[in-house]
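Hi,

Here is the structure I promised to pass on. Have a look at it first, then read my notes below.

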Amino acid sequence: MKKLLLLGGSHAEIPLIKAAKEMEYYVITSGNQRNGIGHSFADEYAPCDFSDKEAITSLAEQLQVDAICSGCNDFAALSAAYASERLGLGGHDAYQTSLKLHHKDQYRQLAKKLDIVTPNAYRCESQEQLQQISEKMVFPVIVKPVDLTGGKGIRRCDTLEELQSAYDEAVAITRESFVIVEQFIMGTNHGFSAYLQNEQVVFAFADNEQYYHNPYLVSGASTPGDIPTEARQQLIDDCEKIAHDLHLCDGILHIQLILTEENVPVIIEICRRTPGDLYVELVRKATGMEYAKYIVGAEAGLKMPRPEYHQPSKYYVRHCVMADHDGVVDGIEVAAEIRPFIVDQLSLFHKGETISEYLKYKAAIVFLCFATKQQYMDYIDKLPQMLTIRYRLE
């Protein structure tokens, strides 16, 4: 049986682990989080920091694996690309190519070169340089670490004082010596996930993003996404433009974008790894596309058949049950009115555990299906009040 090393073992990787096992791989998960619930679905757990590309390379060589899958983290994606390149395993872009997509500063340089709409941005390495940048831009602006995901270190700034403070915060958590400062873009937030074969988009999926208390951490996604046909085609063209320029291998190319009032899609993030929080399950439920298998297959270097899928005929939602304050978890409350629309769920909480960073905490992932757009519109904004965390009274 062939071995596959999967970099990660949280709830987010469960669909990938299941898919790999169905494809008859012996699955070895890795990462620092020994208590990740994904590890229990694998055949073996080999602890290793997946952000350490040299350590992952050594581990893969020691385990004599046949393939590496990146999981749902940008550091994992970069380590998978590096190790696969070093060991000649295939299934991933060259490491330097991966950096051009996963590091925000390099992607913005690429977008400018290819004439792809993206926010005007500057690389910043010091407070002195920050002052110069602020004179070139119009507030509000956004400060971002170039190497982190999930909204970590991102902050909107409306004044120079806020910009200086945000810069210090971002520099403190990035592994690089610089951050980017970019123009704040107004519009609606969306995801756009494409699957490439021979540098062509053969599958595309669009969603609307929802946010709760943390404006930079996606708490929900729903489909069909409200992206007009022309904007959707522009995104497909952009994906193929990038694929041709970088000679990307087959596999996922996932985008986060802001759609302006003029229906212009502005790409703000891009990556070649699986989105988290069971996003691939949203895709599968809505379209029938076995996204997890196709992602694993591509990263294992397999030649996958052209995917079969259908356009969503109903309205599907992936909703994360988020916290609204710190405290001790007692359970989850589900409003009776919303129960008939729930089609699947995964609990992540442990009764009695303490929430200390509520802006990041997720208690469960719930999938819902609405038969009509009117039903979807009636409930989508109410979900945070209908699916809530019950706190233990002090």
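How many positive and how many negative side chains does the chain have, and how far apart do the centres of the two sets lie? There are 38 positive and 55 negative side chains, with the two centres 4 Å apart. Lys and Arg count as positive here and Asp and Glu as negative, while His and the chain ends are not counted. Each charge is placed at NZ of Lys, CZ of Arg, CG of Asp or CD of Glu.

A quick word on ground rules. This is a predicted model, where local features need pLDDT of at least 70 and side-chain atom pairs count only at pLDDT 80 or more, while totals for chains, interfaces and linings use all residues. Residues are numbered from 1 along each chain as its sequence is written, and side-chain values use heavy atoms, with hydrogens and water left out.

**The overall picture**

The chain has 12 helices and 19 strands; these are DSSP runs numbered from the N terminus (helices: H or I, at least four residues; strands: E, at least two). Its radius of gyration is 21 Å, close to the 21 Å that the globule rule gives for 394 residues, so the chain is as compact as a globular protein of that length. That radius is taken over C-alpha atoms, and the rule is 2.2 Å times the number of residues to the power 0.38. Along the principal axes, the C-alpha atoms fill a box of roughly 60 × 55 × 45 Å.

Of the 394 residues, 55% count as buried. Buried means under 20% relative accessible area, exposed means over 50%, and partly exposed is in between (1.4 Å probe, protein chains only).

**The cores**

In soluble globular proteins, nonpolar side chains tend to be buried together. A nonpolar core here is a set of buried Ala, Val, Leu, Ile, Met, Phe, Trp, Tyr and Cys residues joined through side-chain atoms within 4.5 Å. The largest one has 42 residues, and Leu4, Leu16, Tyr195 and Tyr291 have the most contacts inside it. Among the elements that give two or more residues to this core are β1 (3–7), α1 (14–22), α9 (279–287) and α10 (291–299). α10 gives the most, with six residues. A second, separate core of 27 residues includes Val201, Leu248, Leu253 and Leu259.

Leaving aside residues up to four places away in sequence, Tyr291 touches Ser193, Ala194, Tyr195, Phe203, Ile252, Val280 and Val283.

In α1, the buried residues include Ile14, Leu16 and Ile17. The buried residues of α1 pack against β1, β2 (26–30), β4 (67–69), α9, α10 and β16 (342–347).

Eight of the nine residues of α9 are buried, so this helix is largely enclosed by the rest of the structure. Glu281 and Lys285 are among those buried residues. After α9 comes Gly288, with a positive phi near 80 degrees.

Most residues other than glycine have a negative phi, and most peptide bonds are trans.

- Glu24 has a positive phi near 70 degrees. Glu24 is in the loop between α1 and β2 and is exposed, with a relative accessible area of 61%.
- Asn198 has a positive phi of about 55 degrees. Asn198 sits in the loop between β9 (188–197) and β10, and counts as exposed at 55% relative accessibility.
- The peptide bond from Phe139 to Pro140 is cis, with omega near 5 degrees. Pro140 lies in the loop between α6 (127–136) and β6 (141–145).
- Thr223 and Pro224 are joined by a cis peptide bond, with omega about 5 degrees. Pro224 is in the loop between β11 (218–223) and α8 (229–246).

**One last residue**

Not counting residues up to four places away in sequence, Ser70 touches Leu7, Ala76, Ala77, Ala80, His92, Arg273 and Glu299. The C-alpha atoms of Ser70 and Cys271 are separated by 11 Å, although the two residues are 201 apart along the chain.

Cheers

Conventions: Contact = heavy atoms within 4.5 Å.
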